[in-house]
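My notes are below the picture.

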Amino acid sequence: MAATKIYIVYYSTWGHVAALAEELKKGAESVDGVEATVWRVPETLPEEVLGKMHAAPQREEHPVISARQLAEADGVLLGFPTRFGMMAAQMKAFLDSTGGLWQEQALAGKPAGFFFATGTQGGGQESTALTAVTQLAHHGMLFVPLGCTFGARMFGMDEVRGGSPYGAGTFAGADGSRTPSETELAMAQHQGKHFAAVAKKLKA
């Protein structure tokens, strides 16, 4: 049987979401018969503004995706930073460009999941997922949450940790100086594996 293709599609300002995307890829590819590709969505801000935001350089090894390419995937994981409790405008702009796919129902029935970065603990990791679900619903995609499949590490209270049953997550700090913790990276890898297993079953 042909490989199950997982597309991990993200937008990242300071590199936190990109770091999670790499872990998701490792997890997805640990499932036999799964091929995972990491993609970036197009940037919408000019270089001058990105410079003032101290944005990290773009990860050139992750090619920029077009909306049409989403139809090639058997499952899609979407990652983005939070902006006022919702997805960043760059990801929203990309999803707004999928109208042609919506018209054809080209994404209907495909599994999809989310992962995030927020600046602070009250920054909207859960509200971002809940508001992003509308994008999947209109395409008829199947939301595959992480649930509590990460086990005991999901419930630890001994450290600050992003992520929730909605998807893996990290905290960037208000100035972007905090990097993803070992637990956050492990949760992302677990989500990649969990999601890939579901997508593989659905394809079969």
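**Entry 1: the α1/α6 pair.** I kept in mind that this is a predicted model. I looked up helix α1, residues 16–29, against helix α6, residues 182–203, and got a packing angle of about 45 degrees with the axes 6 Å apart. The crossing of α1 past α6 is right-handed.

Next I wanted to know which residues make the contact. On the α1 side I listed Ala19, Leu20, Glu23, Leu24, Lys26, Gly27 and Ala28. From α6 come Glu184, Leu185, Ala188, Gln189, Gln191, Gly192, Lys193 and Ala196. Sorted by type, the contact residues of α1 with α6 come out as 7 nonpolar, 4 polar and 4 charged.

**Entry 2: Thr183.** While on α6 I checked Thr183, which sits in that helix. Buried or exposed? Thr183 counts as buried because its relative accessibility is 7%, and the cut-off for buried is under 20%. What does Thr183 touch, leaving aside neighbours within four places in sequence? I found Phe150, Arg153, Glu159 and Arg161 in contact with Thr183.

**Entry 3: helix α5.** Helix α5 takes in residues 125–139, 15 residues in total. From first C-alpha to last, α5 reaches 22 Å, close to the 21 Å expected at 1.5 Å a residue. I noted Gln125, Thr128, Ala129, Ala132, Gln135, Leu136 and His139 as buried in α5. After α5 comes Gly140, with a positive phi near 75 degrees.

Methods
Residues are numbered from 1 along each chain as its sequence is written. This is a predicted model: local features need pLDDT of at least 70, side-chain atom pairs count only at pLDDT 80 or more; totals for chains, interfaces and linings use all residues. Side-chain values use heavy atoms; hydrogens and water are left out. Axes are lines fitted to C-alpha atoms, for helices over the stretch in contact, and angles run from 0 to 180 degrees between N-to-C directions. Helices (H or I, at least four residues) and strands (E, at least two) are DSSP runs, numbered from the N terminus. A crossing is left-handed if the near helix is turned anticlockwise from the far one by less than a right angle, and right-handed if clockwise. Contact means heavy atoms within 4.5 Å. Ala, Val, Leu, Ile, Met, Phe, Trp, Tyr, Cys and Pro count as nonpolar, Asp, Glu, Lys and Arg as charged, and the others, Gly among them, as polar. The expected span of a helix is 1.5 Å times one less than its number of residues. Buried means under 20% relative accessible area, exposed over 50%, partly exposed in between (1.4 Å probe, protein chains only).
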